[in-house]
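User: Please take a close look at the aromatic residues in this structure and at the packing around them. I would like one connected account.

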Amino acid sequence: MNASNPVVYFEIPVNDLKRAEKFYTAVFNFSFEKEVIDSYEMALFPFEEKHSGITGALAKGEVYKPTRNGVIIYFKTGSIDETLKKVVHNGGIVLYPKRIDEKYGFAIAEFEDSEGNRIALHESIR
């Protein structure tokens with residue numbers, strides 16, 4: 001087994017792919033590539049092999065159920081405050097306001113996206 005980071009890909013369930021794309025583009029300025037994988041509609045997040053981190057997709061289909069109760073994905077941001085403003089402006093809800101962890105040098109927050117998923121934010125403060 002390779003000793004690299006264990007997570008390589010994620011999928012965020014959506015009910016309305018166009019609405020979810022619009023939300024994530026407005027909040028994070030992402031652009032998506034459309035694909036159909038195993039007959040499911042997908043909007044793939046941007047990814048470049050040369051950068052660290054993983055990628056994923058917004059995924060629509062009967063097996064994809066948006067929820068606040070499950071795995072939480074953390075998106076990196078330069079400013080949680082600015083990102084949360086965009087979240088609220090675009091119909092999202094702040095679920096867990098910004099909290100700073102001085103010991104580890106980061107801040108986190110959580111919000112509900114346009115589809116009803118709990119999504120987290122991570123900001124380095126060092």
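**Aromatic pairs and the core around them**

The count of aromatic pairs comes to 16. The model is a predicted one. One of the pairs is that of Phe-23 and Tyr-24, which is edge-to-face, with 5.3 Å centre to centre and 80 degrees between the planes. Phe-23 is buried, its relative accessible area being 2%, and Tyr-24 is buried as well, at 0% relative accessibility.

Tyr-24 also pairs with Phe-45: the ring centres are 5.9 Å apart and the planes stand at 90 degrees, so this pair too is edge-to-face. The pair links distant parts of the chain, since Tyr-24 belongs to helix 1 and Phe-45 to the loop between strand 3 (40-44) and strand 4 (55-60), 21 residues apart. Phe-45 has 7% relative accessibility and therefore counts as buried, the limit being under 20%. Phe-23, Tyr-24 and Phe-45 are members of one aromatic cluster, which also includes Phe-10, Phe-28, Phe-30, Phe-32, Phe-75 and Phe-111.

The surrounding core can be described next. The largest nonpolar core has 24 residues, and those touching the most other members are Ile-12, Tyr-24, Phe-28, Phe-45, Leu-58, Phe-75 and Phe-111. Two or more residues each come from strand 1 (9-14), helix 1 (17-28), strand 5 (73-76), helix 2 (80-89), strand 7 (106-112) and strand 8 (118-124). Helix 1 gives the most, with 6 residues.

Leu-58 connects several of these positions. Leaving aside residues up to four places away in sequence, Leu-58 touches the aromatic residues Tyr-24, Phe-32 and Phe-45, and its other contacts are Ile-12, Val-14, Leu-17, Ala-20, Glu-21, Glu-41, Met-42 and Ala-43.

An α-helix has 3.6 residues a turn, so residues three or four places apart point the same way. Helix 2 is followed by Gly-91, which has a positive phi, near 90 degrees.

Conventions. Residues numbered from 1 in each chain as written. Predicted model: local features only at pLDDT ≥ 70, side-chain atom pairs only at ≥ 80, totals over all residues. Heavy atoms only, no water. Core = buried A, V, L, I, M, F, W, Y, C linked by side-chain atoms within 4.5 Å. Buried < 20%, exposed > 50% of the residue type's maximum accessible area, 1.4 Å probe, protein only. Helix = DSSP H or I, 4+ residues; strand = E, 2+ residues; numbered from the N terminus. Contact = heavy atoms within 4.5 Å. Phe/Tyr/Trp six-rings, centres within 6.5 Å; stacked < 30°, edge-to-face > 60°.
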